[in-house]
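Visitor: I have this structure open and would like to talk through some of it. Can we start with the rings?

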Amino acid sequence: GNDSHIFSLQKPSCTYYALDIGGNIPALSKRDEHIGNLHYLRGNCLNLPIEDNSIDSAISYGVFHHTPDPQKCMNEAFRVLRDNGTLCIYLYSNHENNVFKNLGIRAETALMYLTKKMSIKVGRIFCWSISPLILLLFSWPAQILKKIKNLEKFGNSFPLHWGTTPASIIADLQDRLLAPVNHRFSLKAFKTLFETAGFREVKIISTTAGHYGYGKNLKLNDGPTNNHGQPQKKPGE
């Protein structure tokens with residue numbers, strides 16, 4: 001609830017609805033009950049408990065890639081947005097053009113075969129146990145490279161390049177390795193998510209951290225639309 005908390009205080013004239021599937025929603029709602037323009041909902045982004053055409057803007061940071069069907073999440077976001085409504089999201093990249101990041105993803109995929117068979121408690125212990133190895137292979141070499149002139153960009157291309165201690169990377173390790181589902185997208189696949197849902201004026205920025213995307217729900221005409229918000233073809237078209 002940190003992002004929702006910050007946004008709602010920055011623009012008190014706007015009404016914010018923060019949605020999460022977790023059981024922590026009542027506690028967050030109690031914590032922020034003094035913020036009159038912020039309301040918490042418990043629900044699933046695969047089936048939003050929100051009416052059609054009722055939201056001006058939606059923001060999702062690192063959620064859709066942890067669901068069984070990211071495309072349905074995009075379709076749901078499109079459904080609840082009003083005409084000219086906007087969606088801003090962040091999703092994991094497959095780092096197809098980054099050798100070192102791609103190597104890290106391959107290691108992540110292999111480790112997830114193990115962590116999926118572990119309880120959360122055992123999984124957390126496992127993440128702590130491998131954190132020194134991750135630092136040795138990726139983080140510390142990156143820290144050294146970033147101190148060398150003309151090699152800073154190369155250092156930033158390493159997975160977990162910011163890490164200095166096990167504590168500094170443990171949250172990221174747990175987020176990646178203990179998630180039941182962990183989709184990653186090429187630039188083309190990320191753009192396709194928007195277009196298939198019906199979004200237009202799509203803009204994407206890809207960094208070493210992942211993909212950041214923006215799209216608009218534009219009513220292309222006054223005619224009927226299909227399930228993706230795209231105009232239905234008339235007979236003979």
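**Aromatic pairs**

Guide: Searching the whole structure gives seven aromatic pairs, where rings of Phe, Tyr and Trp (its six-membered ring) pair if their centres lie within 6.5 Å. This is a predicted model, in which local features need pLDDT of at least 70 and side-chain atom pairs count only at pLDDT 80 or more, while totals for chains, interfaces and linings use all residues. Residues are numbered from 1 along each chain as its sequence is written, and side-chain values use heavy atoms, with hydrogens and water left out.

Visitor: How are the rings of Tyr 90 and Tyr 212 placed?

Guide: Their centres are 5.0 Å apart and their planes stand at 45°, so the pair is tilted (planes under 30 degrees apart count as stacked, over 60 as edge-to-face and the rest as tilted). Tyr 90 is in strand β4 and Tyr 212 in strand β6, 122 residues apart; strands are DSSP runs of E, at least two residues, and helices runs of H or I, at least four, numbered from the N terminus.

Visitor: Is Tyr 90 buried or exposed?

Guide: Tyr 90 is buried, at 7% relative accessible area, whereas Tyr 212 is partly exposed, at 30%. Buried means under 20%, exposed over 50%, and partly exposed in between (1.4 Å probe, protein chains only).

Visitor: Which residues form one aromatic cluster?

Guide: Tyr 61, Tyr 90, Tyr 92 and Tyr 212 do.

Visitor: Different topic. What separates Phe 190 and Phe 194 in helix α8?

Guide: About one helical turn, as they are four residues apart. Phe 190 is buried, with a relative accessible area of 0%, and Phe 194 is buried with 0%.
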